Amino acid sequence: MSTTEQLPDSGLVRSSELSRVRLAPNPGPMSLDGTNSYVLAAPGSGSTVVVDPGPLDEEHLQALAGAGTVELVLITHRHPDHTEASRRFAELTGAPVRALDPKYCVGGDPLGADESIKAAGLQIRVLATPGHTSDSVCFWLPDDGGNGSVLTGDTILGRGTTVLDYPDGTLGDYLQTLEMLADLGAATVLPGHGPVQPDLSSLVLTYRDHREERLEQIRTALDHIGSNAGAGDIADLVYADVPANVRAAAELSVAAQLAYLRSNG
């Protein structure tokens, strides 16, 4: 089946051999086209795993629930565009919701870093990937196609780059996360926003180069306006071209990078 084949009447699209995706109706400057909710299952499995049920939209949740008996719900991180519907979806399906942070679990235990989960006929590996937020995780499906796949949440996007939710998310953590993800090679990227991407390791290199470029721009800005400059002053120079509706996110990223530079001398 093609990775772009629409599945009848559900809004679900095949995104990899073992996954289908449905786009939630919450487009915006930070969510791009909307949140990607994934339905995972091995061929012939009588149950599914749903990753990030997304916003509280009944039609969206009914479509996810209708894709098969939901055995388990997994959460990539705490942001409401991924978690808002968790409690309602648990009520709808009876499935436990598991996240790294206990506050976002519903009837299920918190996830463990490096935990291995068996559900819906699948082997799912939990990867702790802090940086975007402190509780961010990715889910690695090593048997999904020739190179496996990774559900990356907001750690790696299908388009654009990730905002670090500083001070909860830090650049030091994020750079370590990128190094770890690079070791997974050319896995398919199943992102929380944006289109599926074919090669995780290549995308990680692009992300790492982008971060180094931004750090150099901030060093230059500090040399120009003074070492004690604040995030707003730096953003005026480095992110002068960003739209007003993402200006706050740009300042968060600058604050994270300033903290990283100052902590590293």
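Here is a short tour of some strands and helices, one selection at a time.

Keep in mind that this is a predicted model, where local features need pLDDT of at least 70, side-chain atom pairs count only at pLDDT 80 or more, and totals for chains, interfaces and linings use all residues. Residues are numbered from 1 along each chain as its sequence is written, and side-chain values use heavy atoms, with hydrogens and water left out.

**Stop 1: parallel strands**

Select residues 47-51, strand S4, together with residues 69-74, strand S5. Strands here are DSSP E runs of at least two residues, and helices are H or I runs of at least four, numbered from the N terminus. S4 and S5 run parallel and are joined by five bridges; two strands pair if DSSP finds at least two bridges between them. Click on Thr-48 and you will find its bridge partner in S5, Val-70.

**Stop 2: the five-stranded sheet**

Move on to an open sheet with mixed pairing and the order S7-S8-S9-S10-S11. Strands S7 (116-119) and S11 (188-191) stand at the edges with a single partner strand each, so one side of each is left without a neighbour in the sheet. Inside this sheet, select S8 (residues 122-128) and S9 (residues 137-141), an antiparallel pair with four bridges. Leu-127 stands opposite Cys-138 in S9.

**Stop 3: helix H5 and its partners**

Select H5 (residues 200-225) and H6 (residues 231-238), which pack at about 110 degrees with their axes 10 Å apart. Axes are lines fitted to C-alpha atoms, for helices over the stretch in contact, and angles run from 0 to 180 degrees between N-to-C directions. That makes H5 roughly perpendicular to H6, a label for angles of 65 to 115 degrees. On the H5 side, show Arg-214, Ile-218 and Leu-222, which are among the residues in the contact; contact means heavy atoms within 4.5 Å.

Finally, which residues of H5 meet H7? They are Arg-211, Arg-214, Leu-215, Ile-218, Arg-219 and Leu-222. H7 spans residues 247-263 and packs against H5 at about 75 degrees, with the axes 10 Å apart.

Methods: Parallel < 35°, antiparallel > 145°, perpendicular 65-115°, else oblique.
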